[in-house]
Amino acid sequence: MGKHLVLVGGGHAHMVTLSKIHELIAAGHQVTVIGPSDHHYYSGMGPGMLGGTYTPDDIRFATRHVVEKQGGQFLRDNVTRIDPVTRTIFAASGQTLTYDVLSFNAGSYVPTTIVAGDDQDIFLVKPIERLLEAKQRFIELIAQKKVAVGIVGGGPSAAEISGNLLQLARENEGRAPSITIFSGRRLMDRFPEPVRGRVERNLKRRGVRIIEKDYVEAVKSGRIYIRSGQTHAVDVVFLALGVVPSAMFKASGLPTGPDGGLRVNRFLQSTAYPNLFGGGDCIYFEDAPLDKVGVYAVRQNPVLFHNLKAALEGNALQPFGPGGDYLLIFNLGERTGVLHKRWLTFGGRPAFIAKDFIDRRFMQKFQSIE
Ligand SMILES: Cc1cc2nc3c(=O)[nH]c(=O)nc-3n(C[C@H](O)[C@H](O)[C@H](O)COP(=O)(O)OP(=O)(O)OC[C@H]3O[C@@H](n4cnc5c(N)ncnc54)[C@H](O)[C@@H]3O)c2cc1C
């Protein structure tokens with residue numbers, strides 16, 4: 001007898017499953033996908049969309065359309081928690097539904113605990129959709145004045161956002177913004193020096209100011225407060241702090257990792273409930289905790305699809321192997337980037353060209369399902 005598979009979130013780790021919904025339906029199962037937006041945005045191209053290299057259509061995947069075209073059901077909603085005993089899903093709108101097998105690919109979010117009060121002109125780097133609002137607002141402001149931008153966070157998204165804002169200002173013939181990155185530790189501290197140094201030199205050469213070894217304590221609309229006691233007046237703030245998994249797992253009483261992600265075994269299966277699976281930023285892979293990068297979500301696709309089908313049909317599960325080193329490429333705007341894999345690091349235009357080629361090919365592959 002057919003079973004009900006529910007996918008929570010249509011993120012990067014569900015792409016293969018989304019493309020094969022018709023197979024599951026042909027086998028007699030019912031498939032429902034729940035997500036807050038009819039589209040899924042590819043984060044690797046998000047900063048490039050902010051800078052104007054890509055249009056929103058270039059970087060998004062029509063989740064609802066793909067699900068419905070294959071006979072699945074799409075519900076636009078936010079899942080808040082589940083009850084794994086009664087197999088019930090609770091959504092923000094108040095609706096509930098039940099499942100036989102459930103897979104989470106609900107991503108991660110930027111914590112906003114440092115925001116005090118009004119959040120006017122404070123933007124988060126995730127969800128990627130929000131970068132669209134930021135882009136419009138930034139264009140409006142640079143037409144009026146020299147804009148002071150504060151970017152809170154010292155990782156790749158802070159670097160990519162700053163470089164792409166410079167491109168956006170130049171292409172829109174606005175006044176060049178003054179950009180300050182409040183990076184806490186050293187900018188890109190967890191990366192090898194050849195990568196870190198190239199990113200830092202690229203941004204400094206283009207006038208980006210970097211405040212290191214001091215932490216932001218609070219952010220208010222128009223002002224950033226740092227621990228050493230200084231305050232900085234800014235027009236726009238981007239929060240590019242480290243992301244954390246959705247809070248829905250703790251709210252559901254499920255076993256989680258130290259970061260709050262759904263604790264899964266090597267089959268990408270909940271360690272407590274065999275009919276729960278997950279992939280991407282929202283899981284804690286207990287065998288070998290993974291970096292929160294899209295690469296792992298993409299690598300998990302075939303295993304997750306296999307295991308969801310196997311769980312529906314009572315077949316054997318496959319283990320996930322995270323694989324070796326992955327290619328890192330950062331898009332720093334103005335068609336420049338930094339590329340790194342193992343012993344190879346280079347910057348400039350060739351790095352951007354490589355990223356652009358890989359990212360466009362990735363999107364074309366999945367958009368072709370549409
Ligand atoms: C600015 C930026 C640039 C990045 N660039 C790169 C890069 O170049 N390369 C790289 O490998 N990684 C990059 N990353 C990291 C990458 O974004 C993540 O690792 C990747 O997005 C993880 O994929 P995911 O599918 O788990 O999550 P997401 O891409 O966040 O997808 C989660 C999905 O779940 C949905 N969802 C969220 N909450 C709910 C809910 N409550 N109920 C139902 N659905 C929900 C969302 O709408 C979304 O569709 C970047 C991150 C950022 C912020």
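This is a predicted model: local features need pLDDT of at least 70, side-chain atom pairs count only at pLDDT 80 or more; totals for chains, interfaces and linings use all residues.
User: Which residue does Asp 189 meet in a salt bridge?

Analyst: A salt bridge is a side-chain nitrogen of Lys or Arg within 4 Å of a carboxyl oxygen of Asp or Glu. The structure holds 24 salt bridges. At 3.5 Å from N to O, the partner of Asp 189 is Arg 185.

User: What separates the closest N and O atoms of Arg 196 and Glu 193?

Analyst: Both residues lie in helix H7 (residues 193-205), three residues apart, about one turn of the helix; helices (H or I, at least four residues) and strands (E, at least two) are DSSP runs, numbered from the N terminus. Arg 196 counts as buried because its relative accessibility is 3%, whereas Glu 193, at 42%, counts as partly exposed. Salt bridges that share partners join Arg 185, Arg 186, Asp 189, Glu 193, Arg 196, Glu 200 and Lys 204 into one network. For Arg 196 and Glu 193, the closest N and O atoms are apart by 2.9 Å.

User: With which residue does Asp 281 form a salt bridge?

Analyst: Asp 281 is in the loop between strand E21 (276-278) and strand E22 (283-285), and its partner, 155 residues apart, is in the loop between strand E11 (122-124) and helix H5 (129-142). With a relative accessibility of 13%, Asp 281 counts as buried. The closest N and O atoms are 3.6 Å apart, and the partner is Lys 126.

User: Which residues touch the most other members of the largest nonpolar core?

Analyst: A nonpolar core is a set of buried Ala, Val, Leu, Ile, Met, Phe, Trp, Tyr and Cys residues joined through side-chain atoms within 4.5 Å. The largest one has 108 residues, and those that touch the most other members are Phe 104, Ile 151, Leu 165 and Phe 238.

User: How are the rings of Phe 104 and Phe 249 arranged as a pair?

Analyst: Rings of Phe, Tyr and Trp (its six-membered ring) pair if their centres lie within 6.5 Å; planes under 30 degrees apart count as stacked, over 60 as edge-to-face and the rest as tilted. Both Phe 104 and Phe 249 are buried. Phe 104 lies in strand E9 (residues 101-104) and Phe 249 in helix H8 (residues 248-251), so the pair ties together parts that are 145 residues apart in sequence. The ring centres are 4.9 Å apart and the planes at 85°, so the pair is edge-to-face.

User: Which residues are linked into a cluster by ring pairs?

Analyst: The structure holds seven aromatic pairs. Ring pairs make a cluster of Tyr 42, Phe 362 and Phe 366.

User: What distance separates the C-alpha atoms of Val 295 and Ala 13?

Analyst: Val 295 is found in helix H9 (residues 294-313) and is partly exposed, with a relative accessible area of 27%. Val 295 and Ala 13 are 282 residues apart along the chain, and their C-alpha atoms are separated by 9.4 Å.

Terms used. Residues are numbered from 1 along each chain as its sequence is written. Side-chain values use heavy atoms; hydrogens and water are left out. Buried means under 20% relative accessible area, exposed over 50%, partly exposed in between (1.4 Å probe, protein chains only).
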